[in-house]
There are 2 protein chains.
Amino acid sequence: MISQTEENYLKALYNLTYLKGEASVNEISKRLEIKMPTVNSMMKKLSEKGFVHYESYKPLKLTEEGKKEAALIIRKHRLTEMYLVEKMGFAWDEVHQIAEQIEHIHSPEFFTKMDQLLGYPTVDPHGSPIPDHNGVMRSESYIFLDTCKTGDAVTLMAVQPSSKELLQYLSAKDLELGTTLTILSIEPFDNSITVNYGNRISEVLSSKVTATLLVRPIS
Amino acid sequence: MISQTEENYLKALYNLTYLKGEASVNEISKRLEIKMPTVNSMMKKLSEKGFVHYESYKPLKLTEEGKKEAALIIRKHRLTEMYLVEKMGFAWDEVHQIAEQIEHIHSPEFFTKMDQLLGYPTVDPHGSPIPDHNGVMRSESYIFLDTCKTGDAVTLMAVQPSSKELLQYLSAKDLELGTTLTILSIEPFDNSITVNYGNRISEVLSSKVTATLLVRPIS
DNA sequence: CTAACAAGTTAGATTAAACTAACAAAATAT
DNA sequence: ATATTTTGTTAGTTTAATCTAACTTGTTAG
């Protein structure tokens, strides 16, 4: 059996690793607001249980089983958000806290019913994909930034493939998962693009960079 | 803050005391399948928190605050059961386990919305009353057995007022909370009634007894 | 290249919620 | 009325999940 607490760690790790394939103890610690030693011992425990690849001083990765478990929790979360908005009339910004709790309910029938009543949705109210009942996340809704056109507004969802250098570059530019970018222009010569986001105006991103950035168009 | 575990103890105590105003450590222990010493220390804790009147070797009672807390949990449980049946298409016998979990969700808005979507129901799918948002249980749906007529089928819901002797009498007759009785006849002379229930055929109950038994007619 | 800083780890303490074993009080039955 | 059984309590242990303090490893800036 897998506790609610363990589920929260798996989910955090899934979301962090989705961006770059691995994550650190420190990142989980910050995200969950739990001190590093606690995270450290939980990672060892989840490693014992076969959900995490843990080696001292190395970055953390989810095992295939860990990915599936996490995706199934995220499935429950997103189905719930969708249900709350579509069937109960909540606003999209009111549903997260409730879904954080309902995602831990143990009842396959309950979520199957939700899924059915919703007509088997593939994305949640924020446009994020809902993993299927095997924990497989359709990633088709994400596209690479270099396939977008001038005027598009998109949200940065993932970086693939990623390298330390690339992530440092993105950090230096204040580009984080969830950042919304507006494409001002595309240079035909080298396919570099000029974008606005946050406080940054007219930042230029090379095609080497834009070819790694997975984004979701804002509907 | 009140933990999920504490909520379960309060609910158990509420349900047990609803029948007779007080309950024992042993009864809670059996109902929750938790050993007596654990129950004992939890009762002391809940007493510290002001939810339970605890005195060594004395029966347990809920304080007014404890009653309110418990009733509000039961409200969430019953609203949920109603919602699952009415809005999601579950059968009445599939909803208990799910409601046991959802009753612990912390989100007033969630339950307010349910209540609203259901049109402010006053009873759950099993006919049990739903306490209002102040934790007040309408008991109008329960009537005394001596006000019923021949042929009625009713469920025993509570005993009021109760005494040790009465409860022992009821136990000896296998009459428990939840027992369904069918009224065969009523003796005009002394108002004693003859009933069937469980394996018991033609048991006679005096008016002194029937005037204390709160029952719910089976719709 | 090394000093300083950041990140990761180990050890040990704390709290909540469970348990068993042993003892005390109350209820019951002979 | 006393012995037996049931119920309640106390004391001490366990496990999960957190923490702080102290130490180690790895990274980064002069």
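A residue counts as buried when its relative accessible area is under 20%. Keep that cut-off in mind. One more point before we start: this is a predicted model.

Let's go to Val39(A). Val39(A) sits in helix α3 of chain A. Is Val39(A) buried or exposed? Its relative accessibility is 0%, so Val39(A) counts as buried.

What does Val39(A) touch? Set aside residues up to four places away in sequence. Then the partners are Tyr9(A), Val25(A), Ile28(A), Ser29(A) and Ile34(A). Here is a spacing to go with that. Val39(A) and Ser24(A) lie 15 residues apart in sequence, and their C-alpha atoms are 9.9 Å apart in space.

Two packed helices are described by the distance between their axes and the angle between them. So, the numbers. In chain A, helix α2 covers residues 25–32 and helix α3 covers residues 36–48. Their axes come within 9 Å and cross at roughly 115°. The crossing of α2(A) past α3(A) is right-handed.

Which residues make the contact? From α2(A), they are Val25(A), Asn26(A), Ile28(A) and Ser29(A). From α3(A), they are Met36(A), Val39(A), Asn40(A) and Met43(A). By class, that contact has five nonpolar residues, three polar ones and no charged ones. Look back at Val39(A): Val25(A), Ile28(A) and Ser29(A) are among the residues it touches.

Over to chain B, and the helix pair there. Helix α2 of chain B runs over residues 25–32, and helix α3 of chain B over residues 36–48. The axes come within 9 Å, and the crossing angle is roughly 115°. α2(B) passes α3(B) in a right-handed crossing. On the α2(B) side, the contact uses Val25(B), Asn26(B), Ile28(B) and Ser29(B). On the α3(B) side, Met36(B), Val39(B), Asn40(B) and Met43(B) take part. Five of the residues in this contact are nonpolar, three are polar, and none is charged.

Next, chain A as a whole. Chain A holds eight helices and eight strands. Its C-alpha atoms fill a box of roughly 55 × 45 × 25 Å along the principal axes. How does the radius of gyration of chain A compare with that of a compact globule? For 219 residues, a compact globule would come out near 17 Å; chain A has 19 Å, which agrees.

Burial next. Of the 219 residues in chain A, 45% count as buried. Now contacts in chain A with a separation of 6 or more. Of these, 59% join residues 24 or more positions apart.

Met157(A) is a case to look at. Met157(A) lies in strand β4 of chain A, residues 153–159. With 12% relative accessibility, Met157(A) counts as buried. Leave out neighbours within four places in sequence. Met157(A) is then in contact with Tyr18(A), Ser128(A), Tyr142(A), Leu177(A), Leu214(A), Val215(A) and Arg216(A). Take Tyr142(A) from that list. Tyr142(A) is 15 residues from Met157(A) along the chain, and their C-alpha atoms are separated by 7.3 Å.

Back to chain B for a lysine. Lys11(B) is in helix α1 of chain B, residues 4–20. Is this lysine buried or exposed? Lys11(B) has a relative accessible area of 9%, so it is buried. Beyond its neighbours within four places in sequence, Lys11(B) is in contact with Ile73(B), Ile74(B), His77(B), Glu100(B) and Glu103(B). Lys11(B) and His133(B) are 122 residues apart in sequence, and 16 Å apart in space, C-alpha to C-alpha.

Last topic: backbone angles in chain B. Which value of phi does Tyr120(B) have? Phi is positive there, about 55°, although Tyr120(B) is not a glycine. Tyr120(B) sits in the loop between α6 (108–117) and β3 (143–144) of chain B. With a relative accessible area of 54%, Tyr120(B) is exposed.

Asp174(B) also goes on the list. Asp174(B) has a positive phi of about 60°, and it is not a glycine. Asp174(B) is in the loop between α7 (164–172) and β5 (180–186) of chain B. Its relative accessible area is 47%, so Asp174(B) is partly exposed.

That's my tour. Questions, please.

How values were computed
Residues are numbered from 1 along each chain as its sequence is written. Chains are lettered from A and ligands numbered from 1 in the order in which they are written. This is a predicted model: local features need pLDDT of at least 70, side-chain atom pairs count only at pLDDT 80 or more; totals for chains, interfaces and linings use all residues. Side-chain values use heavy atoms; hydrogens and water are left out. Axes are lines fitted to C-alpha atoms, for helices over the stretch in contact, and angles run from 0 to 180 degrees between N-to-C directions. Helices (H or I, at least four residues) and strands (E, at least two) are DSSP runs, numbered from the N terminus. A crossing is left-handed if the near helix is turned anticlockwise from the far one by less than a right angle, and right-handed if clockwise. Contact means heavy atoms within 4.5 Å. Ala, Val, Leu, Ile, Met, Phe, Trp, Tyr, Cys and Pro count as nonpolar, Asp, Glu, Lys and Arg as charged, and the others, Gly among them, as polar. The radius of gyration is taken over C-alpha atoms; the globule rule is 2.2 Å times the number of residues to the power 0.38. Buried means under 20% relative accessible area, exposed over 50%, partly exposed in between (1.4 Å probe, protein chains only).
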